[in-house]
Amino acid sequence: MERPELLSCRDVSLGYDGQNVLTHLNLTIRAGDYLCVVGDNGSGKSTLLRGLLGLLPPQSGEIWRAPELRRGAIGYLPQQTRAQRDFPATVYEVVLSGCLNQKGTRFFYSAAQKSAALMNMGKLGVLELKDESYRSLSGGQQQRVLLARALCAAGRLLILDEPITGLDPAAAQDLYKTLSYLNEKEGMAVVMVTHDLGPALRQARTVLHIGRGGFFYGTAADYLASPQGRRFREVEP
Ligand code: ADP
């Protein structure tokens with residue numbers, strides 16, 4: 001039986017002020033998928049993520065979302081900027097802010113949201129850092145905290161923009177392991193933009209390559225055998 005659809009792009013064009021960045025994109029993300037989005041700088045990867053998140057409406061075509069994703073229930077890990085690394089809050093406050101979308105008009109977080117935040121911190125191994133200042137953490141610890149934050153919003157879909165940029169190899173490896181765990185054991189669908197193709201292609205089940213001549217969209221194995229993917233076949237972890 002096919003896994004249920006979470007999100008699908010049907011003949012979608014995305015861009016800015018009438019200028020197309022991506023055209024005629026067809027893509028389906030199902031529960032438990034692991035999709036890697038690759039392509040040169042400026043090819044439109046972040047634009048696609050904005051479309052998937054509902055932050056950028058399509059210029060044409062349709063982006064369909066399953067009902068459970070319609071109320072901001074997509075976990076999102078944005079690209080990190082220097083300013084964000086200096087964020088003046090405790091680890092607990094940062095993780096809890098992932099529940100903001102579900103807070104509605106209430107001023108306080110509910111007990112259930114607080115316990116979800118604590119549970120996600122435990123899952124990501126940052127519970128003991130709960131009262132530390134976020135800005136004092138290492139890059140790898142900060143990414144784990146932000147992933148715990150994203151999990152507070154994520155029902156069944158996590159979207160990550162270049163999550164291992166700036167991490168040392170051990171921290172990057174660690175993050176990949178965590179993503180695999182969430183994907184395989186918890187059935188979380190993962191959509192990840194990355195430049196780090198070797199390890200990412202070993203984890204991803206499907207690949208979307210955004211190129212000048214069009215898209216490649218298929219399994220990671222087919223991508224590695226394709227003209228665009230062939231050069232990554234020998235990449236070491
Ligand atoms: P990538 O993430 O693959 O590096 P982007 O999606 O950031 O690519 O950018 C794709 C194209 O869209 C680029 O030509 C970029 O200049 C343009 N672009 C990105 N963001 C905006 C914006 N807010 N307004 C206008 N053009 C943009």
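Me: What should I know about the model and its numbering first?
Reply: It is a predicted model, in which local features need pLDDT of at least 70 and side-chain atom pairs count only at pLDDT 80 or more, while totals for chains, interfaces and linings use all residues. Residues are numbered from 1 along each chain as its sequence is written, and side-chain values use heavy atoms, with hydrogens and water left out.

Me: How many residues are in the largest nonpolar core?
Reply: That core has 47 residues, and V95, V145, L158, L160 and M192 have the most contacts inside it. A nonpolar core is a set of buried Ala, Val, Leu, Ile, Met, Phe, Trp, Tyr and Cys residues joined through side-chain atoms within 4.5 Å. Buried means under 20% relative accessible area, exposed over 50%, and partly exposed in between (1.4 Å probe, protein chains only).

Me: Which helix gives the largest share of this core?
Reply: Helix α5 (residues 139-153) does, with seven residues. Helices (H or I, at least four residues) and strands (E, at least two) are DSSP runs, numbered from the N terminus.

Me: And what does V145 touch?
Reply: Leaving out residues up to four places away in sequence, V145 touches V91, V94, V95, V126, Y134 and L137. Contact means heavy atoms within 4.5 Å.

Me: At what angle do α5 and α6 pack?
Reply: The angle between α5 and helix α6 (residues 169-186) is about 20°, and their axes are 10 Å apart. That makes α5 roughly parallel to α6. Axes are lines fitted to C-alpha atoms, for helices over the stretch in contact, and angles run from 0 to 180 degrees between N-to-C directions. Angles under 35 degrees count as roughly parallel, over 145 as roughly antiparallel, 65 to 115 as roughly perpendicular and the rest as oblique.

Me: Which residues meet there?
Reply: From α5, G140, Q143, R144, L147 and L151 meet A171, D174, L175, T178, L179 and L182 of α6.

Me: How do α4 and α5 cross?
Reply: The axes of helix α4 (residues 111-123) and α5 come within 9 Å and cross at roughly 135°. The two helices are therefore oblique to each other. Here A117, N120, M121 and K123 in α4 meet A148, L151 and C152 in α5.

Me: Turning to the backbone, what is the phi of H24?
Reply: H24, although not a glycine, has a positive phi of about 50°. H24 is found in strand β2 (residues 19-30) and counts as exposed at 54% relative accessibility.

Me: Is E162 buried or exposed?
Reply: E162 is buried, with a relative accessible area of 12%. E162 lies in the loop between β6 (157-161) and α6, and its phi is also positive, near 50°.
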